[in-house]
Amino acid sequence: MSVDVLLGLQWGDEGKGKIVDVLTPGYDIIARFQGGPNAGHTLEFKGEKYVLRSVPSGIFQGEKINIIGNGAVLDPELFKAEVEALEASGRDLSKQLYISRKAHLILPTHRLLDLAGEAQKGSGKIGTTGKGIGPAYTDKISRNGLRIGDLEHNFEIKYKEAVARHEILLQQMNCEYDLAALEKEWFAGIECIKRFQRIDSEHFFNRALQNGKKVLAEGAQGAMLDIDFGSYPFVTSSNTVCASACTGLGVSPSKIGKVYGIFKAYCTRVGSGPFPTELFDDTGQKIRNLGCEYGSVTGRSRRCGWIDLVALRYAVMINGITDLIMMKSDVLDDFETIKACVAYNVNGVESKDFPFEINDSVKPVYVELSGWKTDMTKMQSENEFPEKFNAYMAFLEKTLGVNIKIVSVGPDREQTIVRYNGISHQ
Ligand code: GDP
Ligand code: IMO
Ligand code: MG
């Protein structure tokens with residue numbers, strides 16, 4: 001059996017959590033393979049709303065196994081808070097949730113270094129989530145990281161050595177902090193982690209695949225935040241693309257099956273960095289209001305704009321997307337016209353290829369399509385889709401070269417339409 005991968009194709013917050021939850025019944029194991037609590041994945045069902053940060057989004061569907069893979073970074077304090085919130089209803093997550101021994105830990109000093117680094121950058125700041133993601137991955141790559149498996153041998157010594165290194169940097173940055181208070185919460189989180197099975201997940205996954213189990217790998221962030229292919233340096237510190245599922249779980253590329261690419265019918269971004277189709281006018285505000293475009297975790301206002309098909313085509317190419325999933329189409333239910341960026345104009349030259357970098361000289365070239373002016377939020381099947389909505393989808397499918405398999409028409413689990421006779425399913 002194979003590993004199917006679900007990836008954000010834009011700047012994150014596409015709706016990955018909702019769709020992983022919807023797809024989970026078709027899988028045995030759900031796994032996160034990169035990122036950490038910079039993610040905020042929202043799930044809504046039966047009138048309840050949950051935001052997951054490190055726990056995979058398959059946790060609510062029966063007794064499926066959920067795994068935090070080796071490519072992820074884990075903050076014990078935030079993990080404990082997440083687990084406690086999920087267990088408040090009387091469930092015991094420890095039977096269902098395993099953690100890779102090779103996953104790296106986010107230390108309290110990583111968080112301090114993240115915040116101090118951002119303060120030093122001033123107006124050039126990345127706008128990180130402040131969760132210590134960059135410093136934790138920096139330690140991993142510079143071979144100074146602490147892993148979940150380190151909890152088993154001389155952990156205190158390794159922890160103290162790492163913190164001593166960080167404190168030299170923090171002092172150079174004139175950072176003031178109360179480490180003892182931070183450590184109290186952090187070590188309580190470590191005790192929480194110890195309740196969970198810590199496994200050699202690469203063996204677990206490969207054995208499971210041999211035994212015919214199906215795995216769904218849940219991406220965090222999105223292609224445009226990828227450390228290699230995103231809008232560098234305004235990116236996160238991990239690879240968010242499909243290849244990362246192999247290194248972040250320990251499975252071979254030959255084991256990858258479907259690659260689901262998920263995108264909003266428009267586009268958003270949080271934090272700093274280029275965003276060619278960003279709208280600064282009433283239309284942008286209308287999208288923000290209708291789409292409730294405020295961060296799931298930080299509450300930060302998300303920047304909003306039209307769909308960017310140059311960036312999306314690039315993301316489809318890098319990831320080898322086999323199936324597209326379009327989210328939040330309901331947010332565009334009340335627009336006379338909708339724009340889609342089909343090319344970039346850079347200093348008078350038009351191109352459909354994603355350039356080395358997107359800076360201020362990149363101007364979007366739009367086509368204008370008719371809006372469908374129909375409330376789609378209660379629709380149950382694609383047969384109910386308005387003609388103009390079908391035309392919008394057909395245009396996207398033609399431009400991106402991949403079929404849209406699922407359409408989401410609202411935040412609830414039930415507001416999800418799987419397409420069987422889609423226009424392009426020739
Ligand atoms: P993720 O990080 O990719 O999982 O996405 P987030 O949870 O950060 O952001 C997506 C937001 O959109 C959440 O508040 C979801 O509840 C909401 N959402 C998901 N799908 C839809 C949809 O089809 N329509 C609307 N209106 N909201 C949606
Ligand atoms: P999900 O999984 C949206 C953005 C931050 C910042 C940049 C770097 O919910 O889609 P970091 O803390 O990772 O060093 O921040 O990346 N960012 C996200 N934006 N959704 C996310 O995750 C994000 N995770 C990081 O806003 O611009
Ligand atoms: Mg999110």
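A polar contact is a pair of N or O atoms within 3.5 Å. That cut-off applies to the contacts reported here for a predicted model with two ligands.

A polar side-chain atom of Arg 302 lies 3.2 Å from an oxygen atom of ligand 1. The protein covers 94% of the 580 Å² of accessible area that ligand 1 has on its own. Two elements, α1 and β3, each give two or more residues to the shell around this ligand.

Around ligand 1 there are 20 residues. Lys 16, Thr 42, Ser 296, Asp 330 and Ser 408 come nearest. By type, the shell holds four nonpolar, eight polar and eight charged residues. Gly 40 uses a backbone N or O atom, 2.8 Å from an oxygen atom of ligand 1. Glu 44 has a side-chain N or O atom 3.5 Å from an oxygen atom of the ligand.

Where does ligand 1 sit? The space it takes is the second largest pocket. The volume of this pocket is about 550 Å³. Elements α1 (16–23) and β3 (41–45) are those that give two or more residues to its lining. Strand β3 supplies the largest share, four residues.

The lining counts 27 residues in total. Thr 42, Glu 44, Gly 291, Lys 328 and Pro 411 lie nearest the pocket centre. Seven lining residues are nonpolar, ten are polar and ten are charged.

**Ligand 2**

Ligand 2 is surrounded by 21 residues. The closest are Asp 13, Lys 16, His 41, Thr 129 and Thr 236. Its shell divides into eight nonpolar, ten polar and three charged residues.

Which side chains make polar contacts with ligand 2? Among them are Asn 38, at 2.9 Å from an oxygen atom of the ligand, and His 41, at 2.7 Å. Arg 300 also has a side-chain N or O atom 2.9 Å from an oxygen atom of ligand 2. Taken alone, ligand 2 exposes 550 Å², and the protein buries 98% of that.

**Contacts listed together**

| Residue | Ligand | Distance to a ligand oxygen atom |
|---|---|---|
| Gly 40 (backbone) | ligand 1 | 2.8 Å |
| Glu 44 (side chain) | ligand 1 | 3.5 Å |
| Arg 302 (side chain) | ligand 1 | 3.2 Å |
| Asn 38 (side chain) | ligand 2 | 2.9 Å |
| His 41 (side chain) | ligand 2 | 2.7 Å |
| Arg 300 (side chain) | ligand 2 | 2.9 Å |

Lys 16 is listed with the nearest residues of ligand 1. Lys 16 is also listed with the closest residues of ligand 2.

Notes: Residues are numbered from 1 along each chain as its sequence is written. Chains are lettered from A and ligands numbered from 1 in the order in which they are written. This is a predicted model: local features need pLDDT of at least 70, side-chain atom pairs count only at pLDDT 80 or more; totals for chains, interfaces and linings use all residues. Side-chain values use heavy atoms; hydrogens and water are left out. A residue is near a molecule or strand if one of its heavy atoms lies within 4 Å of it. A polar contact is a pair of N or O atoms within 3.5 Å; within protein, one must be able to donate a hydrogen and the other to accept it, and residues adjacent in sequence count only if both atoms are side-chain atoms. Accessible areas come from the Shrake-Rupley method with a 1.4 Å probe; for residues, only the protein chains shown count as cover. Ala, Val, Leu, Ile, Met, Phe, Trp, Tyr, Cys and Pro count as nonpolar, Asp, Glu, Lys and Arg as charged, and the others, Gly among them, as polar. On a 1 Å grid over the protein atoms alone, a cavity is a set of points where a 1.4 Å probe fits but cannot get out, and a pocket is an open set with protein on both sides within 12 Å along at least five of seven lines; lining residues have an atom within 4 Å of a point. Grid points are joined across faces, edges and corners, and a volume is the space filled by probe spheres set on the points. A molecule sits in a cavity or pocket if more than half of its atoms lie within 2 Å of its grid points.
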